[in-house]
Amino acid sequence: MSQHPELSGENFSHKTAAIFASESLAIHAADAVRAALDPTSARVSVLFPSQAQIGRAMEPERKGILLTLVRAHLWSTLFGAIAGTVLLLVLAYAGVAWVTQSPLLSAAVATGFGAVAGLMLGGLITLRPDHSPYIEAVREANGEGRTVVIVHAASGKVGAEAEHALDQLGGHTVRTL
């Protein structure tokens with residue numbers, strides 16, 4: 001168990017996709033990556049052009065995504081409220097008149113604005129902007145009739161290893177953070 005809070009609720013939150021011109025090359029690459037990576041640290045699948053439900057293949061952990069949404073909002077709201085309170089204390093220490101003359105109202109406003117800013121940050125995290133290039137590349141390749149190898153990795157290190165291996169095997173890769 002990690003000693004710091006995890007924002008992601010997914011077990012395999014790092015994704016790597018490699019686009020291949022033929023099914024045989026993709027299958028060979030998938031087999032090679034499966035053999036190279038620890039099966040407990042990554043899941044490797046092949047997305048064929050005729051396959052339905054490509055969204056589920058790209059993002060299979062629905063419950064993990066929901067947990068990410070909840071965690072990101074809770075932790076960022078807490079962080080924002082604390083940051084607002086720290087800002088209030090700095091302003092009070094500096095002797096800012098509107099803070100020292102009305103400390104309770106100032107505390108409520110600073111903490112509230114900090115919490116709202118944290119909620120907005122949580123929303124940005126939940127949007128997962130690092131996944132957009134990955135999703136777009138896979139959808140485009142699938143629409144063009146190309147085969148895609150998808151690796152869901154438990155860590156960024158394993159994702160980078162998968163990306164390197166797939167690059168070596170001739171795939172055009174795209175990876176999330």
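Me: Is Asp31 buried, partly exposed or exposed in this predicted model?
Reply: We're looking at a predicted model, by the way. The relative accessible area of Asp31 comes out at 44%. Buried needs under 20% and exposed needs over 50%, so Asp31 counts as partly exposed.

Me: Which residue forms a salt bridge with Asp31, and where do the two lie?
Reply: Both partners sit in helix α1, which covers residues 23-36. They are three residues apart, about one turn of the helix. The closest N and O atoms are 3.0 Å apart, and the cut-off for a salt bridge is within 4 Å. The partner of Asp31 is Arg34.

Me: And what does the relative accessibility of Arg34 make it: buried, partly exposed or exposed?
Reply: Arg34 has 39% relative accessibility. Buried would take under 20% and exposed over 50%, so Arg34 counts as partly exposed.

Me: How far apart are the closest N and O atoms of Arg175 and Glu163?
Reply: These two form a salt bridge. The pair links distant parts of the chain, with Arg175 in strand β4 (residues 172-175) and Glu163 in helix α7 (residues 156-168), twelve residues apart. Arg175 is partly exposed at 30% relative accessibility, and Glu163 is partly exposed at 21%. Their closest N and O atoms are separated by 3.0 Å.

Me: How many residues apart in sequence are the parts that Lys15 and Glu59 tie together?
Reply: Lys15 and Glu59 form a salt bridge, with 3.7 Å between the closest N and O atoms. Both residues are buried. Lys15 belongs to strand β1, while Glu59 is in the loop between α2 (54-58) and α3 (62-94), so the parts they tie together are separated in sequence by 44 residues.

Me: Which residues lining the largest pocket are the closest to its centre?
Reply: That pocket has about 240 Å³ of space. The lining has 13 residues, divided into four nonpolar, six polar and three charged. The closest to the centre are Ser8, Ser13, Arg128, Asp130 and His131.

Me: What area does the nonpolar surface patch with Leu7 have?
Reply: Leu7 is in the segment before β1 (14-20). Patch members need over 30% relative accessible area, and Leu7 has 31%, so it counts as partly exposed. Together with Trp75, Leu78, Ile82, Val86 and Val90, Leu7 makes a patch of about 520 Å².

Me: How far apart in space are Ala115 and Thr68, C-alpha to C-alpha?
Reply: Ala115 is part of helix α5. With 17% relative accessibility, Ala115 counts as buried. In sequence, Ala115 and Thr68 are separated by 47 residues, and in space their C-alpha atoms are separated by 18 Å.

Key:
Residues numbered from 1 in each chain as written. Predicted model: local features only at pLDDT ≥ 70, side-chain atom pairs only at ≥ 80, totals over all residues. Heavy atoms only, no water. Patch = residues over 30% accessible without salt bridge, like charges linked within 9 Å, V, L, I, M, F, W, Y side chains within 5 Å. Areas by Shrake-Rupley, 256 points an atom, 1.4 Å probe, with all protein chains shown as cover. Salt bridge = Lys/Arg side-chain N within 4 Å of Asp/Glu carboxyl O. Helix = DSSP H or I, 4+ residues; strand = E, 2+ residues; numbered from the N terminus. Buried < 20%, exposed > 50% of the residue type's maximum accessible area, 1.4 Å probe, protein only. 1 Å grid on protein atoms, 1.4 Å probe; cavity = no way out; pocket = protein on both sides within 12 Å on 5 of 7 lines; lining within 4 Å. Points joined across faces, edges and corners; volume = space filled by probe spheres on them. Nonpolar A, V, L, I, M, F, W, Y, C, P; charged D, E, K, R; others polar.
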